[in-house]
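This briefing concerns the structure displayed below.

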Amino acid sequence: MLIVFPPEFVEIPGGAAFIEEEARKQGKIRKPEIRMAGILVVLITLWFTDQYTGLSIGYSCLIMAVVATRPGIGVIDWRKAAKSISWHTVLLLGAVLSIARGLSHTNAFEWVSGIVFRNLSNPSFHLVALM
């Protein structure tokens with residue numbers, strides 16, 4: 001890949017100094033950052049052990065989101081978190097996943113794919129227009 005697309009710069013001038021300056025501006029790591037790192041470690045552990053714990057990735061994320069917003073433990077206030085979430089996207093995703101699960105359990109996917117692929121050998125105008 002590097003032969004086909006060689007990098008324009010081997011080193012960015014002043015890059016290391018910029019990174020050091022930004023790290024100095026941020027200062028030492030604070031307690032909320034340490035707590036968030038701990039929450040992320042637990043979350044990743046839950047992801048890797050989902051077959052043993054029985055918790056899906058979605059439930060693990062939900063549990064850790066609740067922990068992250070708990071007073072005394074969490075690192076963000078629930079009111080601030082709720083304002084920053086795009087609730088339209090969350091609701092759309094939930095609706096799409098629910099419909100997909102319903103279609104999967106009722107074998108509607110198989111029915112539709114059977115109709116589509118059966119007619120691919122002799123495609124009609126309507127099928128071509130649909131695709």
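The points that follow describe selected features of this model, grouped by topic.

The model is predicted. The salt bridges number 4.

**Largest pocket**

- The pocket is lined by 18 residues, of which Cys61, Leu62, Met64, Ala65 and Val66 are the closest to its centre.
- Helix α4 provides the largest share of this lining, with 9 residues.
- Helices α2 (31-48) and α4 (57-69) each contribute at least two lining residues.
- In terms of class, the lining comprises 15 nonpolar and 3 polar residues, with no charged residues.

- Isoleucine 57 belongs to helix α4; its relative accessible area is 44%, so it is classed as partly exposed.

**Backbone geometry**

- Asparagine 107 is located in the loop that runs between α6 (87-105) and α7 (108-118).
- The phi angle of asparagine 107 is near 65°, a positive value in a residue other than glycine.
- Most residues other than glycine have a negative phi.
- With a relative accessible area of 43%, asparagine 107 is partly exposed.

- Side chains of opposite charge can pair when their charged atoms come close.
- Glutamate 21 pairs with arginine 24 in a salt bridge, and their closest N and O atoms are 2.5 Å apart.
- Both glutamate 21 and arginine 24 lie in helix α1 (residues 15-26), separated by 3 residues, or about one turn of the helix.
- Glutamate 21 is partly exposed at 31% relative accessible area, while arginine 24 is exposed at 57%.
- A salt bridge also joins lysine 25 to glutamate 22, with an N to O distance of 3.3 Å.
- Lysine 25 and glutamate 22 are likewise both in helix α1, 3 residues apart, about one turn of the helix.
- Lysine 25 has a relative accessible area of 55% and is therefore exposed, and glutamate 22, at 28%, is partly exposed.

**Salt bridge between arginine 79 and aspartate 77**

- The side chains of arginine 79 and aspartate 77 form a salt bridge with an N to O distance of 3.7 Å.
- Arginine 79 is exposed, at 60% relative accessibility, whereas aspartate 77 is partly exposed, at 35%.

Conventions: Residues numbered from 1 in each chain as written. Predicted model: local features only at pLDDT ≥ 70, side-chain atom pairs only at ≥ 80, totals over all residues. Heavy atoms only, no water. 1 Å grid on protein atoms, 1.4 Å probe; cavity = no way out; pocket = protein on both sides within 12 Å on 5 of 7 lines; lining within 4 Å. Helix = DSSP H or I, 4+ residues; strand = E, 2+ residues; numbered from the N terminus. Nonpolar A, V, L, I, M, F, W, Y, C, P; charged D, E, K, R; others polar. Buried < 20%, exposed > 50% of the residue type's maximum accessible area, 1.4 Å probe, protein only.
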